[in-house]
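The following report describes a single protein chain, to be read alongside its sequence and coordinates.

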Amino acid sequence: MSSTKDSKADGASTEARVRAASRMHLEADDDHAPEHAPEFESVVHRMLELIGEDPDREGLLKTPLRVAKSLTWLTRGYDMDVHDVVNDAVFEEPHSSMVMVRDIELYSMCEHHMLPFFGKAHIAYIPDNKIVGLSKLPRIVEVFARRLQVQERLTEEIATAIQDVLNPKGVGVVIEAYHLCMMMRGVQKQNSQTVTSAVRGIFRNDARTREEFLYLAHGHTPTVR
Ligand SMILES: [Zn+2]
């Protein structure tokens, strides 16, 4: 994904925090994936035959194993739980202004075609005496992104999870993503980005708060590609 950002001045500190959070997230994220079922490999072997390939040629010999492993890893969110991920990183804090983490990298797979969609999530909340470690927000995204998804549901699930964990005054989530099922299959759809948002609490009820959030989520976003 080459959606490099050009905005420098505004939100620089936010971006630094985002980068740090993403890095922590990567470090914390081990390789562990659930074991795949034994028949997974034979199913992939059969799929190779069905698309007209010779599964026994050298380059494909280990492909069933690789696909079984990678698909299992890419869908490991089914075995993850938000409360485990957040663990003890919720803190009492009288902070009552908006907290926002922008540009959380996101990789998921559409449930209609089992092809990737990828992009960025922007998450904001207004605490009600409880805050969460910033590095946990990308990890919450991961719990729901690493499943077969539709972008709309993914957005809602992230918002609901943050609402459940923190019971904040409000939550807002925006996801901007590119869907390979559109880009690879269609013609002239290569640049269409899908944007979804979900709001809870004061983000829903108070127009000014919602506008501030949407401005922060979209306002500084340079056109991506
Ligand atoms: Zn799709």
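A residue is termed buried if 20 or more other C-beta atoms lie within 10 Å of its own, exposed if 12 or fewer do, and partly exposed in between, with C-beta atoms placed from the backbone. By this criterion 9 of the 12 residues of strand 2 are buried, so this strand is largely enclosed by the rest of the structure. Helices (H or I, at least four residues) and strands (E, at least two) are DSSP runs, numbered from the N terminus.

The model is predicted; local features require pLDDT of at least 70 and side-chain atom pairs count only at pLDDT 80 or more, while totals for chains, interfaces and linings use all residues. Residues are numbered from 1 along each chain as its sequence is written.

The chain contains 9 helices and 7 strands, and 30% of its 225 residues count as buried. Two residues are in contact if their C-beta atoms, placed from the backbone, lie within 7 Å. Among contacts with a separation of 6 or more, 75% join residues 24 or more positions apart.

A nonpolar core is a set of buried Ala, Val, Leu, Ile, Met, Phe, Trp, Tyr and Cys residues joined through C-beta atoms within 7 Å. The largest such core has 39 residues, of which Ala121, Ile123, Val141, Ile158, Ile162 and Val173 touch the most other members. Elements giving two or more residues to this core include strand 2 (99–110), strand 3 (116–126), helix 5 (136–145) and strand 6 (170–179). Helix 6 supplies the largest share, 7 residues. Leaving aside residues up to four places away in sequence, Ile123 touches Met100, Val101, Ile104, Leu137, Ile158, Ile162 and Val173.

Helix 9 has 12 residues and reaches 16 Å from its first C-alpha to its last, close to the 16 Å expected at 1.5 Å a residue; the expected span is 1.5 Å times one less than the number of residues. Its buried residues are Thr209, Phe213, Leu216 and Ala217. These lie on the same side of helix 9 because they cover an arc of only 100 degrees around the axis, the arc being that of the directions from the helix axis to the C-beta atoms. Strand 2, strand 3, strand 6 and helix 8 are among the elements covering them. The face turned away from the buried side carries the exposed residues Ala207, Arg208, Glu211 and Tyr215.

Asp128 lies in the loop between strand 3 and strand 4 (130–132). With 16 other C-beta atoms within 10 Å, Asp128 is partly exposed. Asp128 and Lys169 are 41 residues apart in sequence, yet 5.6 Å apart in space, C-alpha to C-alpha.

Confidence is expressed as pLDDT, the predictor's confidence in each residue, from 0 to 100. The chain has a mean pLDDT of 85, and 80% of its residues reach 70 or more. Among its elements, helix 1 (residues 12–28) has the lowest mean pLDDT (44) and strand 5 the highest (98). Over residues 1–30 the pLDDT is below 50. Where pLDDT is low, the predicted coordinates should not be read in detail.
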